Protein chains: 2
Amino acid sequence: MTDPARAVVLLSGGLDSTTVLAIVRDQGFGAYALSFRYGQRHAAELDAAARIAGVLGAAEHLVLDLGLDAIGGSALTADIGVPKDRAPEAIASEIPITYVPARNTIFLAYGLAWAEVLGADDIFIGVNALDYSGYPDCRPDFIAAFEAVARLATRTGVEGTSRVSIQTPLIAMTKAEIIKTGRALGVDYGLTVSCYDPGGTGRACGECDACQLRLKGFAEAGLTDPIAYETVAAAGP
Amino acid sequence: MTDPARAVVLLSGGLDSTTVLAIVRDQGFGAYALSFRYGQRHAAELDAAARIAGVLGAAEHLVLDLGLDAIGGSALTADIGVPKDRAPEAIASEIPITYVPARNTIFLAYGLAWAEVLGADDIFIGVNALDYSGYPDCRPDFIAAFEAVARLATRTGVEGTSRVSIQTPLIAMTKAEIIKTGRALGVDYGLTVSCYDPGGTGRACGECDACQLRLKGFAEAGLTDPIAYETVAAAGP
């Protein structure tokens, strides 16, 4: 019996990356889950990532410290307030202050390093170009450009034999489709953490971009979000 | 009086990146020097980088922790011996075990993040495609591909107005030309550290790839390397 092919999966502990991990496991890969501690103001999502990696049978879960707080420039890494109750059209069109400079470039670079050491050709990332927060490094053009870098950057790149692929199974899905896909694979979304700014009770705020997109997704999927929220006002319509 | 344009300069404390910093300062940029602690077995080069940033008038020197030791796969980050006395043709053609997986991809990703926060368009890296150690991520194709990523990855990338440039002033120079360029700009190479495996005295080994390339460069430039070596045997021909 041979070992299954290996894949690196970027795992934040949120809804999207958890769905990706379930897809990767369903496809038969040995999943190597990679999470990052990058000066976030809350560690709840890393705790969630560890639980999810266990429940979904990841072969390994590696957490790397990035030190992005030393660079600053984002509400997620510096001492800047997280925006609340932004209008849906603003979420869709403006890059918010929660954007972390070059974040996915850095994440994918580490994913590439680990993939090379593991002998993995596939690097999975849960980016989404529909129901997303307007981040530049979630777009298909960006992913394609990074894949070109990845195929040149490593040992096999020199030999011209690199088969590295940046896999984005969620990129064309709505949030509702992502949730339905995960549910069909048995994902317990009660394990996942999406909120940028949970309250003192640890409950999701219900008002930040991430909460709004998540609640809208569950509503459109006709499903109930199993996690607890501080407010229910944002749960409509 | 307006502030000079800013540039991010990747600074290892070695001969090449020190020369790049001197070039950047000579071009009138405000230089933001970026160094990385990535599980190297020696900290001497980071001490050197700090001294060099001061002497060459960098506006700021930032040292980030990368945690690459958790990924492993290299003699520079894991517990693997550094090769000594490799033949020149092997240095030129084989990727050695000192290759760090995806290192320059990770370095440039952080450089991009800091450049975005600083409002800098120029990111300088001292890669060299002639007298180098055969690393895949030092080649012009790789640099061009990363520049394409950089122009898509940030806020200005979304707007289509990114002018980010990955600058490689040494890429077509021989090691001797690099040394002559630095000397003409007043660089004191006695401040720089190149050795992959310094001895207990802190002196360069004279036998690893980095020492061999450096000694060959000084010899071809007709100059004397001001640093001390453990051995002099490698200082020929």
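Copies are superposed here by least squares on the C-alpha atoms of residues with pLDDT of at least 70 in both. The model is a predicted one. Under that superposition, chain A is brought onto chain B by a rotation of 180° with 0.0 Å of shift along its axis, and the RMSD is 0.0 Å. The two copies are therefore related as by a two-fold rotation axis. Both copies use the same surface, since 100% of the contact residues of chain A recur in chain B.

The contact itself draws 36 residues from chain A and 36 residues from chain B. On the side of chain A that touches chain B, at least two residues each come from strand 3 (60-65), helix 4 (103-118), helix 5 (140-153) and helix 6 (155-159) of chain A. Helix 4 of chain A provides the largest share of that side, with nine residues. By residue class, the side of chain A that touches chain B comprises 25 nonpolar, six polar and five charged residues.

Attention now turns to one helix of chain B. Helix 8 of chain B covers residues 209-221, a run of 13 residues. From its first C-alpha to its last, helix 8 of chain B reaches 18 Å, close to the 18 Å expected at 1.5 Å a residue. Its buried residues are D209(B), A210(B), C211(B), Q212(B), L213(B), R214(B), L215(B), K216(B) and G217(B). In this assignment, a residue is buried if 20 or more other C-beta atoms lie within 10 Å of its own. After helix 8 of chain B comes G222(B), which has a positive phi near 70°.

How values were computed
Residues numbered from 1 in each chain as written. Chains lettered and ligands numbered in written order. Predicted model: local features only at pLDDT ≥ 70, side-chain atom pairs only at ≥ 80, totals over all residues. Contact = placed C-beta atoms within 7 Å. Helix = DSSP H or I, 4+ residues; strand = E, 2+ residues; numbered from the N terminus. Nonpolar A, V, L, I, M, F, W, Y, C, P; charged D, E, K, R; others polar. Expected span 1.5 Å × (residues − 1). Buried ≥ 20, exposed ≤ 12 C-beta atoms within 10 Å, placed from the backbone.
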